[in-house]
Amino acid sequence: MSENLRRYRVSTRRSAELVLLIGAWLIGVFAWILVDGATGAGALAGWTTLVSSGLLLLFAHTVVRTQAPYADPILLPVAALLNMLGLAMIHRLDVAGEQRALANGSPKPTPDVYAQITWMALGLIFFMITLTIIRDHRRLQRRTFIFGAAGIVLLFLPIIPGLGSEVNGARLWIKIGTLTFQPGELAKIALTIFFAGYLVSRRHTLALIKNRVGGLQIPRAKDAGPLILIWILALLVLVGERDLGTSLLIFGLFIVLLYVATGRRAWVAIATGLLVVGGVLAYTAFGHVRVRFSVWLDPFEDASGRGYQIVQSLYGLANGGVFGTGWGLGYPQLVPFAKTDFITSALGEELGLTGLIAIFILYAIIVERGARSAVATRDPFGNLLAIGLSTVIGLQAFIVIGGVTRLIPLTGLTTPFLSYGGSSLISNYILIAILIRISNAARAPEIDEEQSVQK
Amino acid sequence: MIRQINRVTAVLILLVLALMVNISYLQFFNADTLRNQPGNQRVLLSEYSRQRGAILIGSEPIANSIQTDDELKYLREYSAGETYSAITGFYSLVYGATGIEHKENDILAGNDSRFFVDRMQQLLANRKPQGGAIRLTINPAAQKAAMEALNGRTGAVIAIEPSTGAILAIASSPTFDPNLLSSHDSAAIQTEYEKLLADPNQPLLNRPLAMTLPPGSVFKLVTAAAALESGNYTAETLIPGPAEIVLPLTDVTLGNWNGEACGKKDETTLANALAISCNTAFANLGMQLGADAIYEQAKKFGFESSFDVPMTSATSHFPVNPDQPQTAMSAIGQFDVRATALQMAMVVAAIANDGVVMAPYLVSQVLGPDLSVLENASPKAISRAMKPENAKILRDMMVGVVETGTGSNAKIPGISVGGKTGTAENTPGASAHAWFVSLAPAESAQVAVAVVLQNGGGATEVSGNALAAPIAQRVMRAVLSR
């Protein structure tokens with residue numbers, strides 16, 4: 001071992017990651033204690049859940065330490081913190097459900113938090129597997145089209161009769177026996193890899209300029225093919241699965257990667273045009289899109305009917321105010337789907353404006369750390385993949401949180417790391433694993449090059 | 001590519017900023033509007049989930065929150081529900097709150113800004129805030145006496161301490177049981193409320209404060225006060241008081257209730273006219289004084305204003321610009337004169353208090369959750385309605401009403417009681433409202449009472465004395481412990 005190497009070992013910042021992870025875990029534990037204290041639920045009856053979550057995170061950390069020692073030390077703790085907050089809120093809503101059942105004399109419902117901790121375990125196991133198997137993210141590039149095919153298959157699995165199942169009007173789920181899965185969550189990763197790999201090889205062609213209109217450099221019309229295809233794909237998702245959120249996410253992701261790969265703002269302009277056309281088409285063709293839109297404009301018009309969800313969400317947020325009611329002291333259970341799509345309003349009610357701003361900052365941190373790895377990576381595929389994955393997290397958080405807070409029309413997507421649900425948690429942990437892998441490549445010293453060692 | 005990545009990052013961060021701006025708007029600037037949206041059950045639920053402060057008389061709670069096992073953690077309990085319902089009001093999951101429960105909600109629910117420090121402590125300790133308590137001026141003996149004396153008959157009783165304006169009793173009958181409207185069973189609440197609404201006797205109406213009726217002869221006190229204040233009349237001034245008079249400009253005759261002249265030579269003194277409730281004398285007096293003088297006198301007593309006791313009372317009125325016959329009728333409390341029982345009690349209280357009208361109030365103390373005193377009520381004078389010497393004259397005239405006149409049933413042995421009977425005709429065919437107002441002891445009154453029995457009795461002046469005076473007497477005795 002050379003002395004230089006030992007110097008690098010110091011700068012891996014794995015200890016910082018460990019400290020942050022412990023901090024994230026402790027915040028989750030405190031939240032849990034506050035919930036139990038405020039609701040009068042059995043004091044720390046869920047200690048097994050808390051201990052196992054701590055052990056799982058510790059284990060994940062050891063794997064990062066050995067498999068990706070130079071990885072970004074912030075990403076995993078931030079994801080873990082969101083995960084722990086979500087876990088505490090799901091526990092809190094379980095308690096509310098139990099109390100309601102007790103009051104109504106109905107049988108006690110099964111707590112969802114045990115399922116969620118199982119999903120967290122699976123998510124972290126997939127995180128570790130991903131990190132261990134994918135030694136170098138560039139290997140993903142070689143399977144660009146396999147990922148592309150996989151992504152599209154996953155995306156459209158729910159349409160297959162007998163396999164897909166409809167929940168709350170959207171056909172996003174597949175059902176095998178008693179297991180349900182939301183393949184769209186995995187599809188977004190596969191498609192990011194596909195888009196990145198494809199655009200890396202085609203970016204020079206796509207960047208070719210036909211002519212200029214004003215300051216805008218117009219690309220060749222025949223290169224618009226891929227964009228049109230993805231646009232159609234997104235529309236198909238909208239039509240076939242009634243899934244506005246995923247449709248928007250995929251198209252937005254493609255626009256971002258097309259722009260980053262080619263550097264042509266004209267593509268963004270064209271794509272935005274297509275987005276508007278798609279939006280208008282969807283609005284005129286589909287009643288459910290029109291309903292979503294009118295509810296967005298005035299949810300109070302039909303506050304007890306179509307506007308019920310969003311109105312309850314707004315009431316919850318208003319009840320929270322600046323500082324929130326405190327863990328266990330609000331009424332997040334009054335908002336439908338409080339554990340999944342509307343977990344933001346549940347957290348907003350009990351943690352207040354201050355709590356939500358902190359959570360938004362956590363998402364901004366993931367985006368920023370991902371983007372930093374994207375910039376620092378030495379290969380163009382890594383650049384694209386890292387910014388693509390960061391975009392997926394950022395955009396998905398924006399679409400769903402913006403929806404439940406009535407910034408934009410409501411669409412069904414899970415809130416990354418917070419929402420209840422296995423597909424979402426597993427996929428997002430895989431996503432973080434890939435980002436960590438890229439960040440490791442970005443920060444790792446190139447040992448065989450003497451120069452970089454002395455840098 | 002690096003430049004593009006930075007731009008994309010900037011856009012994504014901008015999106016997060018947009019979320020932050022939007023959520024700040026929702027949770028800070030727009031939060032109150034959202035909280036007050038009709039149909040937002042959270043505000044009510046969160047109120048129910050904390051210990052609401054008690055409404056106290058002395059140290060006895062008449063409204064109290066007790067812990068339950070159900071989803072709404074506290075249940076409001078009224079220990080003597082019907083007795084105090086006109087004061088406490090109800091605290092309903094479905095229909096909101098009324099009475100003190102409504103008016104003092106910020107204190108009882110713990111939302112008042114004075115609890116800010118407590119709330120910050122509770123927030124840090126992750127505990128629900130607790131409400132403060134309200135202590136009332138009510139005299140429980142007087143309140144019980146009033147409710148028992150009304151005994152289910154349709155009517156109102158209010159008693160005031162003349163020197164301060166503190167309300168000693170507010171009774172409305174028939175009434176409701178606030179416990180039934182404040183339960184946790186919304187279906188049962190609705191059934192009960194619909195039943196109360198459909199009842200023709202209007203049990204939800206707060207009669208002493210919210211109901212205005214023609215005051216009839218008790219209004220003669222205001223006319224007499226106007227006469228004394230004009231400086232042209234004394235208790236002994238003679239006024240024409242024949243058995244009946246024909247009102248000018250009309251062929252309407254106005255007669256006395258007993259069909260007799262009020263004195264020799266169809267003349268009577270002012271004192272005697274009040275004592276025997278002489279209609280013709282007061283009609284003549286009213287015409288001599290003019291409507292403006294009576295209007296101004298009524299206004300000084302509190303007519304044309306409403307009072308927040310803290311429940312807001314209805315406004316009592318004297319007609320504007322009546323002609324001669326209308327003035328004559330108004331002077332005896334008929335035509336378009338309308339008064340609440342509260343207003344008539346205030347008139348009597350002012351006469352008892354040397355002419356000074358005190359603002360009526362029901363809350364003596366605002367207490368913190370630990371029952372520490374946050375605020376003491378301070379009695380406030382609203383206006384001077386009469387000179388002290390005129391007030392004294394009128395008091396003596398009122399004693400005459402009880403001693404020798406129409407108000408004999410208000411007598412209390414050993415105490416000089418002043419009073420005035422009233423029988424107010426209203427819709428033709430319906431029986432008249434029986435009124436009685438009184439003060440005791442006349443030398444330094446501790447209590448002023450107004451009683452009205454709606455459509456209570458016959459058309460004669462007797463009913464005020466026969467029906468209403470005994471109720472006033474019981475209430476006065478309760479206050480004076482006699």
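Which residues does Gly407(B) touch, not counting residues up to four places away in sequence? Gly407(B) touches Val401(B), Val402(B), Gly419(B), Lys420(B), Thr421(B), Phe436(B), Asn465(B) and Ala469(B), where a contact means that the C-beta atoms of two residues, placed from the backbone, lie within 7 Å. This is a predicted model, in which local features need pLDDT of at least 70 and side-chain atom pairs count only at pLDDT 80 or more, while totals for chains, interfaces and linings use all residues. Residues are numbered from 1 along each chain as its sequence is written, and chains are lettered from A and ligands numbered from 1 in the order in which they are written.

- Gly407(B) lies in the loop between helix H18 (388-403) and strand S17 (418-424) of chain B, with helices (H or I, at least four residues) and strands (E, at least two) taken as DSSP runs numbered from the N terminus.
- Gly407(B) counts as buried because 31 other C-beta atoms lie within 10 Å; the cut-offs are 20 or more such atoms for buried, 12 or fewer for exposed, and partly exposed in between, with C-beta atoms placed from the backbone.
- Gly407(B) and Val437(B) are 30 residues apart in sequence, and their C-alpha atoms are 9.5 Å apart in space.

**Chain B as a whole**

- Chain B holds 19 helices and 19 strands, and 54% of its 482 residues count as buried.
- Along the principal axes, the C-alpha atoms of chain B fill a box of roughly 115 × 50 × 40 Å.
- Among the contacts in chain B with a separation of 6 or more, 69% are between residues 24 or more positions apart.

**An open sheet in chain B**

- Six strands of chain B form an open sheet of mixed pairing in the order S3-S2-S1-S6-S14-S15, two strands being paired if DSSP finds at least two bridges between them.
- The edge strands, each pairing on one side only, are S3 (74-78) and S15 (373-376) of chain B.
- Strands S1 (residues 55-57) and S6 (residues 133-136) of chain B run parallel and are joined by two bridges, and Leu56(B) has Arg135(B) as its bridge partner in S6(B).

**The contact between the chains**

- Chain A gives 49 residues to the contact and chain B gives 32 residues.
- On the side of chain B that touches chain A, the elements giving two or more residues are H1 (2-29), H2 (31-35) and H3 (41-48) of chain B, and H1(B) gives the most, with 18 residues.

**Helix packing in chain A**

- Helices H3 (residues 47-67) and H5 (residues 113-133) of chain A pack at an angle of about 5° with their axes 10 Å apart, which makes H3(A) roughly parallel to H5(A), a term for angles under 35 degrees.
- The axes are lines fitted to C-alpha atoms, for helices over the stretch in contact, and the angles run from 0 to 180 degrees between N-to-C directions.

**Nonpolar cores**

- The largest nonpolar core has 158 residues, and those with the most contacts inside it are Leu257(A), Leu384(A), Ile432(A) and Ile436(A); such a core is a set of buried Ala, Val, Leu, Ile, Met, Phe, Trp, Tyr and Cys residues joined through C-beta atoms within 7 Å.
- Helix H4 (residues 75-104) of chain A gives the most to this core, with 16 residues.
- Leaving aside neighbours within four places in sequence, Ile436(A) is in contact with residues including Val64(A), Asp72(A) and Leu131(A).

Key:
Angles under 35 degrees count as roughly parallel, over 145 as roughly antiparallel, 65 to 115 as roughly perpendicular and the rest as oblique.
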